[in-house]
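This report covers charged side-chain pairs and backbone angles in one model. The sequence and structure come first, and the notes follow.

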Amino acid sequence: MASAAATAAVSGVVLPHSLLSHRSSPPHIVALASSFRRLSLCASPRRTTHLVARADASAEAGEPEAEAEPVSASADAEAGEAEGAVAVAEAEEQPPPSKLKVKFGEIIGILNKQFIEEAEKVKTVPDLRPGDIIELRMQRPNKRRLSLFKGIIIAKHKAGVHTTIRVRRIIAGVGVEITFPVYSPRIKEITVIRHKKVRRAKLYYLKHKLPRFSTFK
Amino acid sequence: MGSHGNNLFGAVSSSVEAVTRPFHCDAISQQIRTFIQMRTNLKVVDNSGAKRVMCIQAKSGKYGAKLGDTIVGSVKEAQPRGKVKKGDVVYGVVVRAAMKKGRSDGSEVQFDDNAIVLVNNKGELIGTRVFGPVPHELRKKKHLKILALAEHIV
């Protein structure tokens with residue numbers, strides 16, 4: 001079967017356009033859909049020859065056997081088989097596709113998700129919204145006890161792992177607003193005590209209101 | 001309001017965020033607070049006798065003083081019987097600033113007003129009590145006496 005796939009691949013390189021235009025049988029279209037995308041990305045004949053040379057090597061390696069089987073099992077023309085072999089070879093030759101095929105602009109998004117996942121393992125961050133009255137416990141350097149911050153969330157700035165919330169409270173007669181990065185390892189616990197109904201996303205108007213609106217026991 | 005006071009003196013001590021279409025909030029509530037510079041009015045929060053001080057010079061900082069810095073100021077308003085009187089040139093430590101001060105853990109703190117505590121040129125406090133909250137930043141600047149007298153450390 002490996003040799004059959006190899007020969008099919010060789011004949012496939014002669015007509016690169018037929019490769020792309022041919023459609024495989026419906027049951028296997030899902031399996032090959034992703035392969036098709038990769039194929040179309042490098043559509044030049046030169047590229048496919050490069051791949052086919054590798055397809056011979058990889059077909060002999062025996063790994064694409066599992067993927068080539070459903071393809072070769074179909075009673076289609078040999079072009080269908082060739083596609084399968086070349087596509088599989090392409091999948092083989094490239095290192096895990098999520099590393100290479102990711103667009104440059106997506107890297108930050110992926111890194112952010114990884115950081116957030118790691119932070120979530122240590123502590124769960126509840127759903128925070130402006131208008132929530134929260135109690136936050138934070139670890140300070142060289143201090144054993146956690147310091148406590150209470151207040152109302154007046155703003156939530158979403159920026160992946162550096163999502164920050166701005167918490168306002170009247171302390172000793174003076175209004176204080178502190179911005180906390182929510183996924184910081186220093187913040188040990190955030191609990192929502194109450195919720196105040198607000199009709200805004202950012203409650204900066206509280207600064208100019210009476211102090212009693214920002215006072216929380 | 002602090003913002004109106006600044007406009008009176010014509011100082012550019014707070015810049016207004018460029019809001020092309022101010023929808024719900026007016027431009028003043030979107031102000032980005034900046035440094036404490038010449039002609040900034042500051043509240044005095046100790047019992048040295050002064051009530052308001054106008055900054056003459058920020059001792060450190062290219063653009064002005066931030067939280068924890070020392071400034072030179074002129075007393076504009078003072079209580080009748082106090083250790084300082086109107087017109088005195090005094091040094092002060094900024095204990096509350098309306099401008100955000102970043103901390104090493106990624107948090108930022110800002111207060112609702114600008115306030116100072118009067119010190120002499122050696123750094124010793126003139127007053128004996130401090131009112132209101134003070135930030136941690138004073139510990140790094142070695143103003144431990146102020147932290148010890150404070151009502152609340154943020």
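## Salt bridges between the chains

B:Asp112 is partly exposed, with a relative accessibility of 34%; partly exposed is the range between buried (under 20% relative accessible area) and exposed (over 50%), using a 1.4 Å probe and protein chains only. Its side chain forms a salt bridge with that of A:Arg168, at 2.9 Å from N to O. A salt bridge here is a side-chain nitrogen of Lys or Arg within 4 Å of a carboxyl oxygen of Asp or Glu. The pair joins two chains, because A:Arg168 lies in strand 3 (residues 164-171) of chain A and B:Asp112 in the loop between strand 8 (108-111) and strand 9 (115-119) of chain B. Strands (E, at least two residues) are DSSP runs, numbered from the N terminus. A:Arg168 is buried, at 2% relative accessibility.

A salt bridge of 3.3 Å, N to O, links the side chains of A:Arg186 and B:Asp105. This pair also joins two chains, since A:Arg186 sits in the loop between strand 4 (174-181) and strand 5 (187-195) of chain A, and B:Asp105 in the loop between strand 7 (101-102) and strand 8 of chain B. A:Arg186 is partly exposed at 26% relative accessible area, whereas B:Asp105 is buried at 15%.

## Basis of the model

The model is predicted: local features need pLDDT of at least 70, side-chain atom pairs count only at pLDDT 80 or more, and totals for chains, interfaces and linings use all residues. Residues are numbered from 1 along each chain as its sequence is written, chains are lettered from A and ligands numbered from 1 in the order in which they are written, and side-chain values use heavy atoms, leaving out hydrogens and water.

## Other salt bridges and the network

Over all chains, the count is 14 salt bridges. One of them pairs the side chains of A:Glu135 and A:Arg137, at 3.6 Å from N to O. A:Glu135 is buried at 18% relative accessibility, while A:Arg137 is partly exposed at 27%.

A network of salt bridges links A:Arg166, A:Arg168, A:Glu177, A:Lys207 and B:Asp112. Side chains of opposite charge can pair when their charged atoms come close.

## Positive phi angles

A:Ala172 has a phi near 55°, a positive value in a residue other than glycine. A:Ala172 lies in the loop between strand 3 and strand 4 of chain A and is partly exposed, at 37% relative accessible area.

In chain B, the phi of B:Arg39 is near 80°, a positive value in a residue other than glycine. B:Arg39 is in the loop between strand 2 (32-33) and strand 3 (41-44), and its relative accessible area of 40% makes it partly exposed.

Methods: Helices (H or I, at least four residues) and strands (E, at least two) are DSSP runs, numbered from the N terminus.
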